[in-house]
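Subject: Structure handover

Hello,

Here is the structure for your files. My notes follow below it.

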Amino acid sequence: MNPHPEWILPPEIDWAADPFQDVNWRSQYHMLRWLDPLRRAAAKGDDAAFAMWIRYVRDWVRSNPREKPAHKWVWSDMVDGIRAIQLCLAAPLVRDKSPEDLGWLEQTIRDHAEFMADPANLGHSNHAMHQHEALFVCGRTLGESQLTELAVSRFNELLAAQYDEQGVNAEGAIAYHYNNYLWYERALKRFDAEGFDRPAAAARHARAPEEIAHATRPDGTFVGIGDTDGGSPRAVGSPFTNYVSSSGADGEPPSDLLKIYDQGYLFARSGWGETERNYDEETFFSVSFGRSDRVHGHPDGGSLTFSAGAVNWLVDPGKYQYGGGVERRHMLSRASHSLVSLDGVKPRKGATVSLLRASVTQRAYDVLFSDDTFSGIGLTRRVIYSLNGDYLVVIDHVHSRKEVTARQRWQLGPGVDAAISRHRVEMTSGGRQAVLAFAGTATDLDQVTGSEEPFDGWVATGWKKKVPATAVIATKTGTSFRFITVIAAGAGIAPTATTVPTDAPGFCLEVSTGRVTEQIVIREDGVSFPADLGSVEHDDADGQVAVVASALPTASGRLPHLDASNRQQIFDLLTDARISGRDSTTDERRAAARNLLVEARARGLEGDVDLGVTAAITDLRQKVRGRVDPKKVEPHRTALINWDGEPGWRPTFYPMPLVHHGSALTFDERPSETQILTVNSGPLVLPLALAPSPGDVLTVLFHGALDRAKLRLPIFQRWRYQLELQAGPTLAIGDPTLDLSGSMRLGWYLGTESTDLVPWIAGSIQRIARSLGVSRIVLVGSSGGGFAALQVGAFLPRSVVVAMSPQTDLRSYSPRLVNAAIGPAFGSDTISAAGVESFRLSAADRFSSRTAFPRVELVSNPGDRVHVKHHESPLRAAYSAAGLSKLFRTTEIDLGPGHRSLDNTAYGDVMRKVYDSK
């Protein structure tokens, strides 16, 4: 009986047997579920199996009357219910194969029903659920409507009590949120089968799969909160759980990256693997809070877990088993979790960790908890997550009238090694690196791994299974002090975190991960970033920029960037500023930049979603003299307008001159040098990198999602590798839609509600192609870039579109990512409210609207079933419906589960075949 060792039934069965001295084994023994394989075999005609089944059940009934059972566990709650269902399921079989046994079987079922109907014998939580389900089954089997109605009433009441409006179960452990969802759903399906309506509270239960998905780490296993030793949500079968248990290959992800549940759970992650970052490498963290006395919960309020780069760096210890024992007591204790404990101070039973505040901005999550575990001692935990930096800052504050010694524990995951230096703990796992870095006053650091005496440094992995796992302990003594801990995973390097001077209130940390280096100022009431990429406020004294005021709803109740009047006025100002700027002096352009800033402030636009104001200011201030901080002057991207046409001006890290063409590309002769071309496209500036190499094929590159914390726009993806292919001239196009918001990672080249970028781009490509004298155009893009390539292909019907795992209809893609672009681009809260022509959202609709279907070479990853089902298949069907299947060709390249991009080698192979084909 899983998870226990094998036990051989003796010739004469002993119903008091307890070979492993284990409560779970004894319970399963008397549930009689282990006999069900015999019943199923007997139902298929196996008479020997039926004889064995009937023999053991007769013996059990004879040996375990209610008044004198063989063991006290025989008639305990839940055990009685599960056993009763086994007996009821066998009734039709006994009727058909041994009708003479129906009498005692019916009486046994009735005994169970009467026992469970008595309120004195009821358990609680899921134990009661099993009893109510069994009473319902007994009532239907016996034809006793009174029993059935009682069971339905009790079940409905319990369901309402056990699930809240967010779909969270009350038992305090992720494994039981999962188990209970399956168990309650099974009971509800029995109601369905018998013609009973589902209770109103079933709507709460139906929301559980989303919470279970949020509680699943990027490796597809449950975060170990409460009595949880791993596990996967695969059996739930909802789109959300299918997604997280298939590494993003199937189903769909929840819409939120941060989810806080009132029952006491915070789950957050960097992404759902939709932007060509492998799903299992996304960052995930959790914090538990709330009551410490939940049924299967632990006293773990405030405990934090952290996963990043396919490693579970910080974990909870799990359950190990039920009952007693050194291991169970350790796993169940507060001292085994990633929390602060106090020497000599006993945790208070029934303690509660309360969520005091949660601040969510486009740059950071900032959450504060209060912990009343230790009577008379103030304890808070503050957890800050930088969205751009992808790291955590945890601040534990201890305040006591008397001097106390506090131990802050960090339970590392199995397989994570730790090396302690003065102020940091280097963590490594399989070539991956992470850090626990301690700021502030000196902290004593120690570690323990796999100690038996005292028992410490272990993590449970299953029933009575444990593995050594290092625990890091930081110690401080005093009456009022803080632990300041930075938790970060590295991108090819060991992360660093240092304290840097600041004139601002609070303290400043500089965190470097190899992916990004960022300074964060932490005040008592919030956080800020000195080089905030959302800054646009001008200071005449030295040309610096600071932060625009936070966005407030307009009189209409809408956010400023969603207000139609705001949008049109700002876009008109941006268009006019760039047109007039060409004939203006430097001082006049600076004045125009100040005017744009004033207009943005007057409309309440925040620095991040500013509708392109920051980008326009950057362009206008391109020739500012004096002391300038480029991180602040160019917060969203580098300047893209070379106002005076200086041939040596280099605005980006691409070693190319920049030529601005005003409102339309014009060429007097064939371009002869590699350069960046820019052209006004309504209120936006379209950047194009051109390498006019000899050849008859022009390859046009479109990019997908970008890491805005790491990369400064414009970005021309695969530019350098494409040049290495020596396949002819290359044109790479940046997406100016990203100028509308500093946090937008994917814009699909949408433009704005009044500026459809696609025909602008197509026209620019045609002019360049004519100037180069090429006869073939190949449009290339992956993911969101593939969507853009397809859209532009509708205007260049003789082109070839190479689309790699593309989105083809944004209405079928991640609402979170799409809405993040739709708001700035179209001024709508959601894609359904965008009110734009469908062809701007769908490649198939664009083709149909123009009656132009380009040749498509689709590169499909069969492991990315989301894109195969929702994007590739519908587009293929559109070609088939138009009778143009010959123009649609698919190449499958198995990249594994989820949304992944081709490496350069595979990309080169694909492109060579395209160039060689006719």
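**Isoleucine 484**

Isoleucine 484 is buried, with a relative accessible area of 4% (buried means under 20% relative accessible area, exposed over 50%, partly exposed in between, with a 1.4 Å probe and protein chains only). This is a predicted model, in which local features need pLDDT of at least 70 and side-chain atom pairs count only at pLDDT 80 or more, while totals for chains, interfaces and linings use all residues. Residues are numbered from 1 along each chain as its sequence is written, and side-chain values use heavy atoms, with hydrogens and water left out.

Isoleucine 484 lies in strand β20 (residues 471–489); helices (H or I, at least four residues) and strands (E, at least two) are DSSP runs, numbered from the N terminus. Leaving aside residues up to four places away in sequence, isoleucine 484 touches Val393, Val394, Ile395, Ala437, Phe438, Ala439, Gly440 and Phe507, where contact means heavy atoms within 4.5 Å. From isoleucine 484 to serine 860 the separation is 376 residues in sequence and 47 Å in space, C-alpha to C-alpha.

**Salt bridges**

Side chains of opposite charge can pair when their charged atoms come close. Searching the whole structure gives 51 salt bridges, a salt bridge being a side-chain nitrogen of Lys or Arg within 4 Å of a carboxyl oxygen of Asp or Glu.

Lysine 97 pairs with aspartate 47, and their closest N and O atoms are 3.1 Å apart. This pair links distant parts of the chain, with lysine 97 in helix α4 (residues 79–97) and aspartate 47 in helix α3 (residues 47–63), 50 residues apart. Lysine 97 counts as partly exposed at 33% relative accessibility, whereas aspartate 47 is exposed at 53%.

Aspartate 101 forms a salt bridge with arginine 58, with 2.9 Å between the closest N and O atoms. Here too distant parts of the chain are linked: aspartate 101 is in the loop between α4 and α5 (102–117), arginine 58 is in helix α3, and 43 residues separate them. Aspartate 101 is buried, with a relative accessible area of 5%, and arginine 58 is partly exposed, with 33%.

Glutamate 274 and arginine 816 meet through their side chains in a salt bridge of 2.6 Å, N to O. Glutamate 274 sits in the loop between β2 (265–269) and β3 (284–288), and arginine 816 in helix α20 (residues 815–826), 542 residues apart. Both glutamate 274 and arginine 816 are buried. Elsewhere, salt bridges with shared partners join Arg578, Asp619, Arg637 and Asp739 into one network.

Regards
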